[in-house]
Amino acid sequence: MARPPDRSARTALPTRDRTRDRRMSENADTTLEQNESTTGGAPSPGDRLRKIRLEEVEKRYPGTKQPAVASLTLDVHEGEILVLVGPSGCGKSTTLRLINRMIEPTGGRIFLDDEDVTKANPDKLRRRIGYVIQQIGLFPHQTIAQNIATVPKMLGWDKNRITGRIDELLSVVGLDPDTYRGRYPKELSGGQAQRVGVARALGADPEIMLMDEPFGAIDPITRDRLQNEFLRVQEDLRKTIVFVTHDIDEAIKMGDRIAILGEQSVIRQVDTPERILAFPVDDFVRDFIGEGSTLKGLHFETVDEHVKLEPYPTMHVGDTPTDAAARASEANTDWILLLDEQDHPIRWVAVGDLERGEAVTAESGSEVAAKVSLGATLFEALEQMLISEAAVSPVVRDDGSFYGVVRLTHLNRAIRRARLEAREHYESLEATS
Amino acid sequence: MDGIISWIDYISGRPDEILETTWDHAKITLIVVVSATVFSVLLGLFVQSRPTLRALSLSLAGIFLTIPSLALFAIFIPIVGIGNEPAIYALFLYAILPILRNTVTGLDSVPSAVVESAKGMGMNTTRQLLQIRIPLAWPVIMAGVRISSLITVGIAAIAVLVGGDGLGTYIQGGLTRLGLPNSLESVWTGTVFTVLLGLVLDLVLATFQRFTTTKGQRL
Ligand SMILES: Nc1ncnc2c1ncn2[C@@H]1O[C@H](COP(=O)(O)OP(=O)(O)OP(=O)(O)O)[C@@H](O)[C@H]1O
Ligand SMILES: [Mg+2]
């Protein structure tokens, strides 16, 4: 089993809560593997808590020959971000809008918490579901506070509770309440408006959020920031989220699971990002993931547990150069790693210099410019490896002391193992079905 | 110069009479503008998303506006007799088009993403209309109301020809006595006070508009 997705690593951002990811991965080990299939997963007792279920849902727009969504069956688990991704016009938005009945299905059934909502009052249903769209659609004649208060007001919350909620939500999305509460939408930048859009959708603390390309119309740098912030917020809130995008990289970054959709919203593959990267089930998925899927897969492997790190010959200032050289030739390396008193790696010293008997000081050889810490992704390790003098990536513990090195063979092994595991997973699925 | 002095003499000789006539004129205008606004806005809301009815009602309202005013006023005499009534009916028909057209275009101009998000948050159609669509269309609707009120103030001066009140009486009275003393002064009185009434009314409506829109809607 590949190591749990660690999005802080994927996004090279502050560390996220590992325990959560690990928990999800354990679940994935025990339940997902048996229950998920490429067509959306059949329900079974061992399944993780199912929040949303689409059952053979179909949408045929009037006057069209082909249905926009043809018999889609899909489960969304509680607390996960499920990303719907696929080529333009494949029916992602239609699928999403079926869930809050912005569009009425022409067939099939929709369940929320195992309650059939196919015939429920749509307005009441929508108040339970946060909805964020690319164009945001803030109410221009209302202040930010009024915008955010929309659903709480409809639900009849009292004034104080609403006021408190507004400030709380503005803080959650990283906007200073005192500054922004009284502003109008036109007085916001695109990124700020999108944050308010998210805050408004969170208004009455819905358990479910539907997001249709929420960061699609924002410049790449701001988008990256909003994605990271949103992931961090989701870390606490644990909403059940269906997220639509046409960008596979956004899907990989945001998704706990990804559903790759083809024409008419047919599921081509639904699984964790790492498994999809390791084992695209067919050419459609492979083409859609595009170039570099192997490299992207390295984001999901980390430098600990699974990577059996190798020792590397080291020395300290004051060690006899020839002894050190002997250690290096024993290990069959051209370099030896010079550590300081705290065992922090500081210099790469060439074995040739040692053999000539040169005294080693803290200025010998060349600086260790690249190192990664335990817990970094193999992607980061690869980057460091590429710029490292000795073509290996030194790994340090949290206190900075030397732990071992990552070599190219590690990456190679990790990737092949991930692929093998993914293939075995799919083969066992086939065998059982 | 002499003209102006004698005109000032003329109006300062009969301030109460002039004010009363202006008030009569204003009453006709207000009745027409208020009723045409209610009618046209409701009609606009109804036809906006119904293409056939929308085209039909807009062309009909357009046709009313092309009927020569005197003829339109006269058309109502056989039905309601003479006096202010035929004038009010005729003016009502004239006042429809600007308000109706602006209501429809105002509603059209509400961004679909805004309506989509309103619906997506669980607003029913009435709520969407009252809290989102009408407030957002309001500045455009009010622009239509203001145009209608100006048209109405101006054309209401013809009411006198079908036996109605208003500042038209000064104009007509002056014209029929043209050349006699005070005839031009009388025409000027009717004209100037009609224009003044129009300006005041527009100012009132502009103020009203300002108080019924938020800062978020203003440029
Ligand atoms: N109101 C409608 N009436 C008729 N056909 C529609 C309607 N809305 C969408 N469609 C069609 O349904 C299909 C799916 O549309 P949808 O908007 O769900 O695609 P999408 O995957 O969200 O695409 P994109 O990535 O471009 O947003 C398309 O072929 C589209 O033309
Ligand atoms: Mg779409």
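Author: At 2% relative accessibility, A:Phe215 counts as buried, where buried means under 20% relative accessible area, exposed over 50% and partly exposed in between (1.4 Å probe, protein chains only). This is a predicted model, in which local features need pLDDT of at least 70, side-chain atom pairs count only at pLDDT 80 or more, and totals for chains, interfaces and linings use all residues. Residues are numbered from 1 along each chain as its sequence is written, chains are lettered from A and ligands numbered from 1 in the order in which they are written, and side-chain values use heavy atoms, with hydrogens and water left out.

A search of the whole structure finds six aromatic pairs over all chains; rings of Phe, Tyr and Trp (its six-membered ring) pair if their centres lie within 6.5 Å, and planes under 30 degrees apart count as stacked, over 60 as edge-to-face and the rest as tilted. One of them joins A:Phe215 and A:Phe243, which is tilted because the planes stand at 50°, with the centres 6.1 Å apart. A:Phe243 is buried at 0% relative accessible area. Ring pairs also bring A:Phe230 into a cluster with A:Phe215 and A:Phe243.

In chain B, B:Phe76 and B:Tyr89 form a stacked pair, 5.6 Å centre to centre with 25° between the planes. B:Phe76 is buried at 14%, whereas B:Tyr89 is partly exposed at 37%.

Charges over rings require NZ of Lys or CZ of Arg within 6 Å of the ring centre and within 35 degrees of the ring normal. A:Arg268 lies over the face of A:Phe284, 4.4 Å from the ring centre, and the charged end of B:Arg50 sits over the ring of B:Phe46, 4.0 Å from its centre.
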